[in-house]
Structure formats: structure tokens, C-alpha cells
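Trainee: I have a model open and want to learn how to read it. Can we go through its features one at a time?

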Amino acid sequence: NIEWINKEKATNAVTIYNNNITLSKQATLLFENSYGVAIGFDVENNTLVIKKVTKNEILSKQIDKDDVYELTIKPSFGRINNKKLINELSKHLKLEFDKQISYKFSAKWNNALKMLIVNTSEVAKHV
């Protein structure tokens with residue numbers, strides 16, 4: 001009489017460090033074949049938004065190239081390196097990197113908008 005134990009379902013997780021944003025492998029898969037990502041903060045809903053940007057959106061000037069960040073995709077994670085971006089997010093989220101190394105958040109993919117919506121209301125402590 002064996003009770004099998006399932007692997008934990010992979011989740012979309014976003015971790016903010018003092019110099020980069022790291023996306024879990026599951027979250028990174030959502031951005032495959034993208035030109036880059038646009039990043040915004042919804043003040044009203046306290047959510048970070050990471051939008052998939054295609055090359056066509058850049059060429060047709062739907063999105064300004066200066067608003068697009070490079071997403072480096074590795075086998076087990078994705079990373080966005082930009083200190084200025086982290087400084088802006090720190091202001092919105094009141095992140096204190098001298099007290100905590102990183103802040104991990106859960107996220108959900110919005111298929112219609114091609115955006116990863118990061119719930120910044122709940123921080124996982126001691127990541």
C-alpha cells in the first residue's frame with residue numbers, strides 16, 4: 001500500500017536582490033522568444049508588472065526601445081540586471097537590503113496581456 005508523493009508544482013516566483021530581479025524557471029518559460037521585457041509598477045494595486053515584449057512591438061514603435069530591459073535566460077532561471085530599476089522598485093516597495101538579502105514574491109501570468117503580475121503585498125521572509 002504505497003502512497004506516492006508528488007513533486008511540488010512549480011510556481012512563478014520573482015525575487016528582487018539589490019542589483020537584479022531573478023525569475024524562477026517556471027516564470028522564465030513564459031518569456032521565451034521575447035525581445036525583452038517592459039517593467040512597471042501599479043501603485044493602486046501594489047503590483048509589479050513584467051510584460052513580454054516582441055521585436056515586432058519595437059519595430060512598430062508600440063513600445064519604446066528605451067523602455068525595454070534585457071532578460072538573460074539561463075537553464076534554471078531568468079535575470080534582469082539593472083541597478084536603477086532596483087532603486088526605483090526599492091522606493092515603491094520599501095525594500096531594505098541592509099536588513100534582508102532578497103525579497104521573494106509570487107506571480108501570475110495574464111495571458112491576454114502577456115504580462116507577469118507580481119503580488120508585492122506578500123513578501124516571503126528569510127529567502
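Trainee: Does Phe97 count as buried, partly exposed or exposed, and at what relative accessibility?

Mentor: Start with the cut-offs. Buried means under 20% relative accessible area, exposed means over 50%, and partly exposed lies in between, with a 1.4 Å probe and protein chains only. Phe97 has 21% relative accessibility, so Phe97 counts as partly exposed. Remember that this is a predicted model: local features need pLDDT of at least 70, side-chain atom pairs count only at pLDDT 80 or more, and totals for chains, interfaces and linings use all residues. Residues are numbered from 1 along each chain as its sequence is written, and side-chain values use heavy atoms, leaving out hydrogens and water.

Trainee: How many aromatic pairs are there?

Mentor: Rings of Phe, Tyr and Trp (its six-membered ring) pair if their centres lie within 6.5 Å; planes under 30 degrees apart count as stacked, over 60 as edge-to-face and the rest as tilted. By this rule there are two aromatic pairs. Phe31 and Trp109 have ring centres 5.4 Å apart and planes at 90°, so the pair is edge-to-face.

Trainee: Which parts does the pair of Phe31 and Trp109 tie together?

Mentor: Helices (H or I, at least four residues) and strands (E, at least two) are DSSP runs, numbered from the N terminus. Phe31 sits in the loop between α1 (25–29) and β3 (36–42), and Trp109 in strand β8 (residues 103–110), so the pair ties together parts 78 residues apart in sequence. Phe31 counts as buried at 1% relative accessibility. Trp109 is partly exposed, at 22%.

Trainee: What is the geometry of the pair formed by Phe97 and Tyr103?

Mentor: Phe97 and Tyr103 are edge-to-face, with 5.6 Å centre to centre and 80° between the planes. Tyr103 counts as buried, at 7% relative accessibility.

Trainee: How many helices and strands does the protein have?

Mentor: It has three helices and nine strands. From the N terminus on, the order is β-β-α-β-β-α-β-β-β-α-β-β. Of the 127 residues, 37% count as buried.

Trainee: What share of the contacts joins residues at least 24 apart?

Mentor: A contact means heavy atoms within 4.5 Å. Among contacts between residues at least 6 apart in sequence, 56% join residues at least 24 apart.

Trainee: Where is confidence lowest, and where highest?

Mentor: Read pLDDT as the predictor's confidence in each residue, from 0 to 100. Confidence is lowest in strand β9 (residues 115–124), at a mean of 83, and highest in strand β7 (residues 77–81), at 97. The protein averages 89, and 91% of the residues score at least 70.
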